[in-house]
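Got your viewer open and your selection tool handy? Let's take a short walk and stop wherever there is something to look at.

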Amino acid sequence: MAVHDLNAIAFPVLSEAQIAQLGRYAGAPPKKVRAGETLFRCGDRDSKFFVIKSGEVEIVDETDDKPKTVRVEGPGEFTGDVGHLTGNPKVVSATARTDCEVYEISEEALREILNQDPQLSDIILQAFIARRQLMRESGEFTGLRVIGSRYSRDTFRIRDFLAKNRVLFTWLDLEGDPAVSQVLQQFGVTEADTPIVACAHRVLLRNPSNRELAEAIGIRRPLEQAVYDLAIVGSGPAGLAAAVYGASEGLSTVVLERTAPGGQAGSSMRIENYLGFPTGITGSELADRAVLQADKFGARVSIPTLVMNLTFDKAYSVLGLEGGETVVAKCLLIASGAEYRRLGVEGCDQLEGRGVYYAATPNEAQMCRGSDVVLVGGGNSAGQAAVYLSQNARKVFLLIRGDDLCKSMSSYLAHRIMNTPNIEILRCTTVERMLGDGHLSAVEIVNKLTGEKRTLQTAALFSFIGAAPRTDWLPQEIEKDEKHFVRTGISLAESPRWTLKRQPFLLETSRPGVFAAGDVRSGSVKRVASAVGEGAMSVQFAHEFLKEM
Ligand SMILES: Cc1cc2nc3c(=O)[nH]c(=O)nc-3n(C[C@H](O)[C@H](O)[C@H](O)COP(=O)(O)OP(=O)(O)OC[C@H]3O[C@@H](n4cnc5c(N)ncnc54)[C@H](O)[C@@H]3O)c2cc1C
């Protein structure tokens, strides 16, 4: 979309009638604000939303060394972005530039508007999404600052976590950024303290865990102690679809996700086969929209929240979380998906996050601009990654075990790869060893047909080999197949674990009221669309089960 179109969507001017309508939701007369008074500050978690009736409000980015005016909003405009719904802290500050009158709308009232007033809901939601997109694309926002070495695994983990959770941040590479020593001095820290995360002029955290970071920047809030109608483990396409359908159909719904929304799909730079997106969509954008949709309907999405185990208390599922918390639910959806297997060759463990990666997103691509990279795998995800990386890398070596790319990859992708001059396909080839001192420097490969060995000099290897289900947290009561995928539906009718007279619902596991959807399910089609479909269907079965309770 052209930038001027996006600007018009991001900053609409409401009509008198629309302002009056929002005023009714505010439930109080407009508040008078004096010139110079602050409406909210960057970092605030209070999610009030302001509609300007008269006067001007200045929106300021205070995260850089010098505050920058981002925009001046006038009568009929409103503050806010997606953080209002996801509970994230404010990324900018707002100050009255003149004396103003503003309607102050609470988070609950905003949800009411989004659910009950389709016209205002469209304007507000589209503006929120467009504002975030403009911020991201302008490259002018500093956001948080991550200072650390490209060779540090923790720096990579922190950057990866922030990027996957769509938090605006800037990375200062100890190795590559000339401004780094000045910035370190400014923050009063040394290289030994890195990686650090800083906001505006203060160090927030030194080498935080993902959870500490999420709590400090406000993306993780404590969970309420309640019995939910539906708990969902995993926020990939299956989990997010279930959250949208569950919450929109009145079930109290919680989603527990260990890393970031989107799951595997979140690391795809271009999903071209998902219905309704003829030009493709990035997985993170799809996930961003789905989270917003789930939030809008009132689903509680808790990230990062690792589910460690599952037990049962009478008919209820009890999920044990990292850190000792528990979540209790009447129905449970297992949507914990799958993850790529480790390559398991010499050197791999030590070099993960230091040159060995399992996703190819801008985060990783940034580090291999202009150099040679090695990619392992013959499936669609490897194909997408090869095409994406070829835009930045000097050369991409694509290693496949078989002799024919078309056997394992969709033909549109295989042909695109064969027509990309800087991708070289090495057939019948596997990795034998990875070399590097603190960071990957070379990969030893072997051709299984000829026995010929070669050493490729490279600082980045991307692995996309066979996915294994994430089911290690599940108890015996949940029956799995020989490859550890969760069994569901009719295949369980004869199972000794199935104790009810009725047959299991299509997506029901061996435990009544516990369902499985998406890649984690035995026999599922490993695609975004099918995961979304199964996630949506599982809600129907949850309703049926709740009627039985
Ligand atoms: C790079 C890449 C590109 C792809 N491209 C396409 C494409 O173009 N088209 C297509 O149709 N398919 C594509 N796929 C496949 C598609 O992404 C998957 O089929 C889909 O994501 C499966 O969705 P899911 O929700 O079942 O599981 P996942 O996407 O695997 O999500 C599972 C989620 O559960 C979380 N989780 C796991 N265990 C726990 C736990 N114990 N506690 C809390 N959370 C947990 C994980 O962190 C994850 O976020 C691609 C996959 C990859 C990796």
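Select R289 to begin: with a relative accessibility of 38%, R289 is partly exposed, a label for values between buried (under 20% relative accessible area) and exposed (over 50%), found with a 1.4 Å probe on protein chains only. Before you zoom in, know that this is a predicted model, where local features need pLDDT of at least 70 and side-chain atom pairs count only at pLDDT 80 or more, while totals for chains, interfaces and linings use all residues. Residues are numbered from 1 along each chain as its sequence is written, and side-chain values use heavy atoms, leaving out hydrogens and water.

E285 and R289 form a salt bridge, with 3.6 Å between the closest N and O atoms. To count as a salt bridge, a side-chain nitrogen of Lys or Arg must lie within 4 Å of a carboxyl oxygen of Asp or Glu. Why can these two meet? Because they sit four residues apart in helix α10 (residues 283-296), about one helical turn separates E285 from R289. Helices here are DSSP runs of H or I with at least four residues, strands are runs of E with at least two, and both are numbered from the N terminus.

Next, pick R71, E73, E77 and R131 together: salt bridges with shared partners tie them into one network. The whole structure holds 38 salt bridges.

Hop over to helix α6 (residues 153-164) and select D154 and R157, which are three residues apart, so about one helical turn lies between them. Their salt bridge has its closest N and O atoms 3.2 Å apart. R157 is partly exposed at 23%, and so is D154 at 28%.

Select K330 and D229, whose side chains meet in a salt bridge at 3.5 Å, N to O. K330 belongs to strand β17 (residues 326-334) and D229 to strand β12 (residues 227-233), 101 residues apart. Buried or exposed: which is D229? At 15% relative accessibility, D229 is buried, whereas K330 is partly exposed at 25%.

Last stop: color strand β15 (residues 307-313) and strand β16 (residues 316-321). They run antiparallel and are joined by six bridges; DSSP must find at least two bridges for strands to pair. Click V307 and look across to L321 in β16, which stands opposite. Then find K314 in this hairpin, which has two residues between its strands: K314 takes a positive phi near 50 degrees.
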